[in-house]
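Visitor: I have the sequence and the structure open side by side. Could you walk me through them?

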Amino acid sequence: MLLTRRAFSALFVAGVIVFSSTYASAKDFGKEAEGFIQTMADKAVTSVRSSQDETILQQEFRTILNDGFDVRAIGKWVLGRYWRKAKPEEKEEYLKLFEDFIIATYSSRFKDYAGDEITLKVVQSVTRNDKDAIVRSEIQRPQTSEPILVDWRVKQNKDGALKVVDVLIAGVSMSQAQRSEFASVIKRNGGEVNGLIDALRNKTSQLVSNVAQDTQ
């Protein structure tokens, strides 16, 4: 049955209202995500500049990471199809080591920049929907003329909290890169997740040891 002109007009207006509401909601989420990233980045930079003790810095980074990143979701995604094959005890040990590995890796990188007076500036955001956005930023260092381009994918979880689920540096996804690397390690160890667990444990210990030596 054909719609009357009045019915058609009513449906058109309703569609415009829904679209406008969704657009406004997504735009608001983008701005919220921008503020979220800027606040988290400021905390990280402040920690690096003020913390002389490596143990304290590691603790501060752990707090920032757990507050701002969906660590478990990232860790599970990075493990890929091997997550389903892993035993319950392997999953828990892997997630703990994954968190330790990420903290050791990024606290070490930020520590290298400590004397450079680095700054992170949020440039803009691109919303996918009202719970998913890409926040684009630039890391600027006085010693280099070109900024480092860093994109943060921010999603709202089921509890309503904003969490980073991926970081892209110069367009390269860190989660995707780690997923490929971890898969290679597992394959070299006969498809066993334990091989990756051992590798993560050794790599994390090496990173922590190197940072400790640099601060002595």
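Guide: Happy to! Strands β1 and β2 run antiparallel to each other and are joined by nine bridges; two strands count as paired if DSSP finds at least two bridges between them. This is a predicted model, where local features need pLDDT of at least 70, side-chain atom pairs count only at pLDDT 80 or more, and totals for chains, interfaces and linings use all residues. Residues are numbered from 1 along each chain as its sequence is written, and side-chain values use heavy atoms, with hydrogens and water left out.

Visitor: How many residues lie between β1 and β2 in their hairpin?

Guide: Start with the bridges on either side. V126 stands opposite I134 of β2, and N129 has D132 as its bridge partner in β2. The two strands form a hairpin, and the number of residues between them is two.

Visitor: What is the strand order in the open sheet?

Guide: Helices (H or I, at least four residues) and strands (E, at least two) are DSSP runs, numbered from the N terminus. The edge strands, each pairing on one side only, are β1 (119–129) and β5 (172–173). The pairing is antiparallel, and the order of the five strands is β1-β2-β3-β4-β5.

Visitor: How many bridges join β2 to β3?

Guide: Here are two of the contacts to look for. R136 stands opposite D151 in β3, while I139 has I148 as its bridge partner there. Strand β2 (residues 132–140) and strand β3 (residues 148–156) run antiparallel, and the number of bridges joining them is eight.

Visitor: Where do the helices fall along the sequence, and what is the pattern of the chain?

Guide: The chain has seven helices and five strands. Reading along the sequence gives α-α-α-α-α-β-β-β-β-β-α-α.

Visitor: Why does A170 count as exposed?

Guide: A170 sits in the loop between β4 (162–169) and β5. Most residues other than glycine have a negative phi. A170 is not a glycine, yet its phi is positive, at about 55°. Buried means under 20% relative accessible area, exposed over 50%, and partly exposed in between (1.4 Å probe, protein chains only), and A170 counts as exposed because its relative accessibility is 62%.

Visitor: Is R81 exposed or partly exposed?

Guide: R81 lies in the loop between α3 (71–79) and α4 (82–85). Because its relative accessibility is 41%, R81 counts as partly exposed.

Visitor: Which residues form the positive surface patch?

Guide: Patch residues have over 30% relative accessible area and no salt bridge, and like charges are joined within 9 Å. A salt bridge is a side-chain nitrogen of Lys or Arg within 4 Å of a carboxyl oxygen of Asp or Glu. Lys and Arg count as positive, with the charge placed at NZ of Lys or CZ of Arg. The positive patch consists of R81, R84, K85 and K187.

How values were computed. Patch = residues over 30% accessible without salt bridge, like charges linked within 9 Å, V, L, I, M, F, W, Y side chains within 5 Å. Areas by Shrake-Rupley, 256 points an atom, 1.4 Å probe, with all protein chains shown as cover.
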